[in-house]
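Please take a moment to look over the sequence and the structure that follow. The paragraphs after them move from the surface and the overall form to one annotated span and one residue.

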Amino acid sequence: MSDVVFLFSGQGAQKVGMGKDFHEASETARAMFAEADDALGMSLSQVMFEGPDDELTRTSRCQPALYLHGLVAAALLQERLPNLTPVAAAGLSLGEFTAHAAAGTFSRVDGLKLVARRGEFMEEACEATTGSMAAMIGGDEAAVRSLASECDIDVANLNAPGQIVLSGSEAGIDTAVAKARDSGIRRAVKLNVAGAYHSRLMQSAQDKLSAELAEAEMQAPQLPVVCNFGASLVEDPAEIRSMLEKQVTGSVRWTESIELLVSQGHRTFIELGPGKVIAGLVSKIAKDVVVHSVEDLESLEKAVEALG
């Protein structure tokens, strides 16, 4: 099986128990969890397996947790299907780092440390600002952008047609939610998040991450990786650093990222991470594609059967 694209989950997909059955069933998984715990100097695996939920939900915890889970899922899938080689990779927000690790842009451990720092910086930015986010469902993109401008907030995620997330000050988000219907937006839902991700309120996190990225060892990825900020393929390490930096305050252009992959003829995608958030978004963006979701042993075996 060739011509599959790996897609990696973003923040919000995490759930207590993630990766536990992988750990119990696989020596490869156990080694990867042990490597991560050792690299971070803490038991990330325990937080993933046992929670509590509010600890796993912390930005500084869930980002490395999702990164590690995605790479473990990919490793176990390729262990069972040795001929399975992805032809491209992408990830939703945080998942872009996982995609780069899978593509060999940086080592698994270097990427984990970057992601852990990113999570810490974003958590600090959340605590230093009063921000929120809201999903705009069933609205025209131009109308949503106009509303964001009017409320002095930012467009955080272009997730799928008719699903755009706004981010910014609490007051600005509340105003946008209240005015959404007047802008022809069917429904506006305020999200239960710690702060205003992918908005100007994350500038302090972006500045700190920039310094970390400058020091990180990187090389050209071994397979094409689509970046969120540019919705384009990135190969040059300097451009990769720039895109990963700008993504912290910039928009996640997920719809265009998937459309780019589909335009190149890709029709089989594998979602690696908890839940089926990405599968749901991809099905709204492109009707004629197949997405296999791998989050635990049961879904892993289903994917192996389908792809084998």
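The chain exposes about 12400 Å², of which carbon and sulfur atoms supply 48%; accessible areas come from the Shrake-Rupley method with a 1.4 Å probe. This is a predicted model, in which local features need pLDDT of at least 70 and side-chain atom pairs count only at pLDDT 80 or more, while totals for chains, interfaces and linings use all residues. Residues are numbered from 1 along each chain as its sequence is written, and side-chain values use heavy atoms, with hydrogens and water left out.

Buried residues (under 20% relative accessible area, where exposed is over 50% and partly exposed lies in between, with a 1.4 Å probe and protein chains only) make up 55% of the 308 residues. The C-alpha atoms fill a box of roughly 55 × 45 × 35 Å along the principal axes. A compact globule with 308 residues would have a radius of gyration near 19 Å, and the chain, with 18 Å, agrees with this; the radius is taken over C-alpha atoms, and the globule rule is 2.2 Å times the number of residues to the power 0.38.

The chain has 14 helices and 10 strands, which are DSSP runs (H or I of at least four residues, and E of at least two) numbered from the N terminus. UniProt, in an unreviewed entry, places the feature "domain: Malonyl-CoA:ACP transacylase (MAT)" at residues 7-304, and such annotations may be inferred rather than shown by experiment. This span is 52% helix and 16% strand.

Ser107 sits in the loop between helix H6 (95-103) and helix H7 (108-128), and Ser107 is partly exposed because its relative accessible area is 37%.
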